[in-house]
Amino acid sequence: MAEKDGSTHLSAPAAEAETSQQEELKQSRQSMGQNKPYLAHSKNDREGGANADRSRPSDLCGTPRGMLDRSLQAQLGRQLRAIFSDVAQEPVPERFIKLLEALEAREKRR
Amino acid sequence: MNSQSSSLKQALLGLIPNLRAFAVSLCGDIERADDLVQETLLKAWDHLESFQEGTNLRAWLFTILRNTYFSECRRRRREVEDRDGSKASDLAVHPGQQGHLDMQDFRRALNVLPPDQREALILVGAAGFSYEEAAAISSCAVGTIKSRVNRARAKLTEMLGVATPREFGPDSATEAIVARTVGSSRQS
């Protein structure tokens with residue numbers, strides 16, 4: 001049964017860790033943005049017909065595709081779990097508590 | 001009987017947060033999600049005899065919820081025209097906050113995925129089910145779940161790949177080119 005309760009892994013400490021990871025990512029991206037090490041290269045290289053492929057990860061600034069994909073995958077995984085755990089941590093809304101009480105009461109009358 | 005219904009009530013109460021999380025991730029809308037959860041609880045209560053004692057109550061409830069969701073989707077699809085296409089172009093044309101791949105982009109991309117792929121990704125990637133459990137919940141083959149998860153990941157990467165150049169700090173001019181290019185290639 002312990003295994004089945006996998007969702008409880010996503011408890012408050014995990015969410016905090018997640019948030020701080022995202023902060024870190026944001027900061028590192030900001031600092032990259034200031035340096036713009038890829039920019040001159042990519043802009044000059046990419047004028048012209050290659051534009052149609054700009055959104056392809058493989059085409060980005062000469063960064064190996066695998067590396068980008070992996071970091072993007074990891075980020076996607078974190079965001080997916082965050083969406084889930086955000087709601088999973090909310091208290092049970094009153095309407096459901098009342099609903100279950102009503103169902104139980106109905107059962108008892110039978 | 002009373003003690004049984006009381007322990008069922010406790011078990012259901014404990015699983016409601018999980019059910020809501022699943023429902024929100026599936027349909028992307030908290031109000032619709034709570035309606036799904038309510039329907040799931042009612043069905044579970046009324047069909048308790050079909051739950052096999054000793055098996056996974058959480059998986060059983062997830063199964064009821066996703067069946068409810070998908071039959072609702074089928075009903076809606078008959079009523080309303082499928083608007084996935086317009087959602088997809090929204091995503092490409094309005095890439096959200098500058099500078100990082102933000103949560104809004106992700107939520108929108110998730111909502112654009114085909115529902116069966118979204119479901120597989122949530123079950124395995126967020127709810128913590130194994131491929132085998134996810135296959136049982138979605139009543140399909142394990143291989144089908146694996147391929148849905150892979151396709152979902154690939155599609156998200158492709159959609160959100162639009163955001164990746166910004167991670168490496170292009171200026172707004174580069175960004176405008178990317179946005180224009182993506183916008184026009186979507187239209188053609």
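This is a predicted model: local features need pLDDT of at least 70, side-chain atom pairs count only at pLDDT 80 or more; totals for chains, interfaces and linings use all residues.
Colleague: What about contacts in chain B, how many join residues at least 24 apart?

Modeller: Taking contacts between residues at least 6 apart in sequence, 62% join residues at least 24 apart.

Colleague: Switching to the largest nonpolar core. Which residues touch the most other members?

Modeller: B:F22, B:A23 and B:L65, out of 49 residues in that core.

Colleague: Which elements give two or more residues to this core?

Modeller: From chain A, helix 3 (65-88). From chain B, helices 1, 2, 3, 5, 6, 7 and 8. Helix 1 of chain B gives the most, with nine residues.

Colleague: What does the core draw from the domains of chain B?

Modeller: At least three residues from each of domain 1 (1-80) and domain 2 (84-188).

Colleague: Back to B:F22. What does it touch?

Modeller: B:F62, B:L65, B:I122 and B:A127, leaving out residues up to four places away in sequence.

Colleague: Now helix 5 of chain B. Which of its residues are buried?

Modeller: Helix 5 covers residues 103-112, and the buried ones are B:D105, B:F106, B:A109, B:L110 and B:V112.

Colleague: Where do those buried residues fall, seen down the helix axis?

Modeller: They fall within an arc of 160 degrees, so they line one face of helix 5 of chain B.

Colleague: Why would residues three or four places apart point the same way?

Modeller: Because an α-helix has 3.6 residues a turn.

Terms used:
Residues are numbered from 1 along each chain as its sequence is written. Chains are lettered from A and ligands numbered from 1 in the order in which they are written. A residue is buried if 20 or more other C-beta atoms lie within 10 Å of its own, exposed if 12 or fewer, and partly exposed in between; C-beta atoms are placed from the backbone. Helices (H or I, at least four residues) and strands (E, at least two) are DSSP runs, numbered from the N terminus. The arc is that of the directions from the helix axis to the C-beta atoms. A nonpolar core is a set of buried Ala, Val, Leu, Ile, Met, Phe, Trp, Tyr and Cys residues joined through C-beta atoms within 7 Å. Domain bounds come from an automatic or database domain assignment. Two residues are in contact if their C-beta atoms, placed from the backbone, lie within 7 Å.
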